[in-house]
Structure formats: C-alpha cells, structure tokens
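Hi,

Here is the model I promised to pass on.

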Amino acid sequence: MSTVTLDLIKAEQAKLNAMIASFEASKSVQDLFPITFGAPQLNEGERWVGTIISAGGKKEHVILLPGEANDINWQDATEWAASIGGQLPDRVESALLYNCMKDEFKEEAYWTCETHTGNAEWAWSQDFRYGVQDNDGKGYERRARAVRRELDI
C-alpha cells in the first residue's frame, strides 16, 4: 500500500487541471456546446414539440398543429395536412410526439409522411398506445395529425 502525500494529491490535481484546460481549448467542443436555438413563433392552438438538429447542424423546430383527422387513408391524410398548412410528421417527429406529447393523441395509430422503401403501396404509422411504428397499406384508415417545420436561423 502506497502512502498518500500532499505532493501526490497536488500532482494528481495538476494532471486534472491540464486535462480540463485541454478540453476547454478544444475547437470542436467550443463549436458544439452550448447548443442554442431561438423560440419559434406559434399561432393560436399550436404546440412546440421540440427542435431536431440534423447531422449537418441544421436546426428545425417541429410544431404540432391543432385538429386531427379520423378514419382517413394515407393519401387523404396527406392532403388534409396540407390543407391546414402542415404535413404529416416523419418517423423521427412521430417518435418525438409519442415521447413528448402522448397526451395530445388518442391511443391509436396515426399516419406519418413516410412511404415504406420496399413497397410504395405502404406507409409508416405511429402507434400511440404502445409506441411502436409499423407499416400499413395506404388504403387503411388511421388517424392523422399535422406538423409544420420552422428553420431556426
């Protein structure tokens, strides 16, 4: 067993101080933290869901629009969302909605804007009971909510 001395503690503290200084001086750390964004402008009845930051650094606010469509196929849901100034959420946004705003949804499946890559006749939906995403025939009837996206400049 080695003896702990004040000089040993000071030497270890000096190593930690050097590590901290190196970390703080790192350009990549300065570029990444803190992540800041502005607040989006909300219209009456809209709810801010969150901000998604792409791998390229683009920041985009996701805003849930008021209202919903019931028992609607995918094409009609897409047109309905456009008619109220929005779009169906993508799969990432749908997962965010499930995790952050589950209380805004019935415990049923809601359409996303994404078509299944292996079969253009199918699209993805988000289940708000169990949290899973599944693909369904676009002719099936599901619920729909719309979002709008606003770039954070």
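Predicted model: local features only at pLDDT ≥ 70, side-chain atom pairs only at ≥ 80, totals over all residues.

Numbering runs from 1 along each chain as its sequence is written, and side-chain values use heavy atoms, with hydrogens and water left out.

Rings first. I count a pair when the centres of Phe, Tyr or Trp rings (six-membered ring for Trp) lie within 6.5 Å, with planes under 30 degrees apart called stacked, over 60 edge-to-face and the rest tilted. That gives five aromatic pairs. One of them is Tyr-98 with Phe-128, tilted because the planes are at 55°, with centres 5.9 Å apart. Tyr-98 is in helix α4 and Phe-128 in the loop between β5 and β6, so the pair ties together parts 30 residues apart in sequence (helices are DSSP runs of H or I, at least four residues; strands are E, at least two). Phe-128 is buried at 2% relative accessibility (buried is under 20%, exposed over 50%, partly exposed in between, with a 1.4 Å probe and protein chains only). Phe-128 also pairs edge-to-face with Tyr-110, at 5.2 Å and 80°. Tyr-98, Phe-105, Tyr-110 and Phe-128 form one aromatic cluster.

Now the charges over rings (NZ of Lys or CZ of Arg within 6 Å of the centre and within 35 degrees of the normal). Arg-91 sits over Trp-124 at 3.6 Å, and Lys-138 over Trp-74 at 4.0 Å.

Lastly, Asp-71 in strand β3 has a positive phi of about 45° without being a glycine.

Cheers
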